[in-house]
Amino acid sequence: QSLRYQTWQTKTPDGSSQTAAATLVRVLCIQSLPFSPGNSQPNRTTKSKSMKLAGIKSVEGAHDESVWAATWVPATSSRPALLLTGSLDETVKLWKSDDLNLAGTNTGHCLGVVSVAAHPSGIIAASASLDSFVRVFDVNTNATIATLEAPPSEVWQMQFHPKGTKLAVAGGGSASIKVWDTSTWKLTSTLTIPRPEVPKPSDKNTSKKFVLSVAWSPDGRTIACGSMDGTISVFDVAREKFMHHLEGHSMPVRSLVYSPVDPRVLFSASDDAHIHMYDAEGKSLVSSMSGHASWVLSVDASPDGNAIATGSSDRTVRLWDLKMRAALQTMSNHTDQVWAVTFCPPGGTGVRGGRLASVCDDKSISLYDYS
């Protein structure tokens, strides 16, 4: 397994070639990983009355290129929830939650889309691209509301504040989280990870950390980010103050999510093939779960707080029981690495049921029923 560094070429108005703003394609773009049919696993379920996934539909060729990002746009009074996906083909698409029929295609980026985020109102959403722009748009009309610009390699995963008042963006090479006010779309704060006073022997040229992932706590008081070196940094948002690191991973942390029912509990997914459960306030590792055969690229928590789902470069999606702290089910719908998994709540936090979606390098989207 190795990181692939790729240089994007674009054309300037005068026709000359120039290197695109983001020369690190995801810093992380995974080279096609060796995979033998013997590693493939059929859908299997450990007997459990508590929870399960049931496949509803898969859409092959959902995008023209790899699909790297997905989230759910909450329902409004006039329409149900929609699945929002972003792809290397530079587009963002909206899909109906019941049958994965295409509801709309949005354009506006000139390079691949690495992250998408939905405002809790369900009215607006945002997409981040390798072109170093974040485009904020109206979900129903696709009208651009704001365009946020950052230096090259400083726009990665992003998430809206639980109340929608801020948008946080993982700042990549800036070793920080950028926070924009959603009423003015002005950059209001930069939460910078402090440089360690005494570097660890394992650190390699780590004067700065490359920030890949970001997550708000459900109460909006704290925000966490995951870095290429495997560390997780936690900040007090109101005071704009770094609080502490959470350690335990040995490779990049690509995805983070807080429990929807406990603001102390944070889950992380890492290239070290482990999923960690932390007490983010107590600075302690509660549990380490393993089972994937390769990098864990995405993690999301179920709306009832009883399970998490993960997507991996081993081509599978797994459902984990948090009481057992073990995988209940493995879904093998995809034929390549699974970049994102995302739960859609059926009607509020703490409610059982809903939908889970997964997106993949094979250009497909899969939809599951969670019950």
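I would like to look at strand S26: which residue in S26 does Val 296 stand opposite?

Guide: Val 296 stands opposite Ser 312 in S26. Before we go on, please keep in mind that this is a predicted model, in which local features need pLDDT of at least 70 and side-chain atom pairs count only at pLDDT 80 or more, while totals for chains, interfaces and linings use all residues. Residues are numbered from 1 along each chain as its sequence is written, and side-chain values use heavy atoms, with hydrogens and water left out.

Let's start with the partners of S26. Strands here are DSSP runs of E with at least two residues, and helices are runs of H or I with at least four, both numbered from the N terminus. Strand S26 covers residues 307-312. On one side, S25 and S26 run antiparallel and are joined by 5 bridges; two strands count as paired if DSSP finds at least two bridges between them. Strands of a sheet pair through backbone hydrogen bonds, either parallel or antiparallel. S25 and S26 also make a hairpin with 5 residues between them, and Gly 305 in its turn has a positive phi of about 80°.

S26 has another partner in strand S27 (residues 317-321), with antiparallel pairing over 5 bridges. Here Ala 309 has Leu 319 of S27 as its bridge partner. This hairpin has 4 residues between S26 and S27, and Arg 315 in the turn has a positive phi of about 80°.

Next, look at the side chains. In a regular strand they alternate between the two faces of the sheet. In S26, Ala 307, Ala 309 and Gly 311 point one way, and Ile 308, Thr 310 and Ser 312 the other way. Buried means under 20% relative accessible area, exposed over 50% and partly exposed in between, using a 1.4 Å probe and protein chains only. Because 6 of the 6 residues of S26 are buried, the strand is largely enclosed by the rest of the structure.

S25 (296-301) supplies at least two residues of the lining of the largest pocket, and so do strand S5 (67-73), strand S9 (113-118) and S29, among others. A pocket is found on a 1 Å grid over the protein atoms alone: it is an open set of points with protein on both sides within 12 Å along at least five of seven lines, while a cavity is a set where a 1.4 Å probe fits but cannot get out, and lining residues have an atom within 4 Å of a point. The largest pocket holds about 1300 Å³ of space, a volume being the space filled by probe spheres set on grid points joined across faces, edges and corners. Its lining has 50 residues, and those nearest the centre are Thr 71, Gln 159, Val 257, Asp 300 and Phe 343.

Phe 343 leads us to another feature. The structure holds 4 aromatic pairs, meaning rings of Phe, Tyr and Trp (its six-membered ring) with centres within 6.5 Å, called stacked if the planes are under 30 degrees apart, edge-to-face if over 60 and tilted for the rest. The ring centres of Phe 343 and Tyr 370 are 5.2 Å apart and their planes lie at 75°, so this pair is edge-to-face. Phe 343 sits in strand S29 (residues 338-344) and Tyr 370 in strand S31 (residues 365-370), so the pair ties together parts 27 residues apart in sequence. Phe 343 and Tyr 370 are both buried.

Now step back to the protein around S26. Its secondary structure comes to 0 helices and 31 strands, and 56% of its 371 residues count as buried. With a contact meaning heavy atoms within 4.5 Å, residues 24 or more positions apart account for 49% of the contacts with a separation of 6 or more.

S9 pairs with strand S10 (residues 124-129) over 5 bridges, and Val 116 stands opposite Ser 127 in S10.
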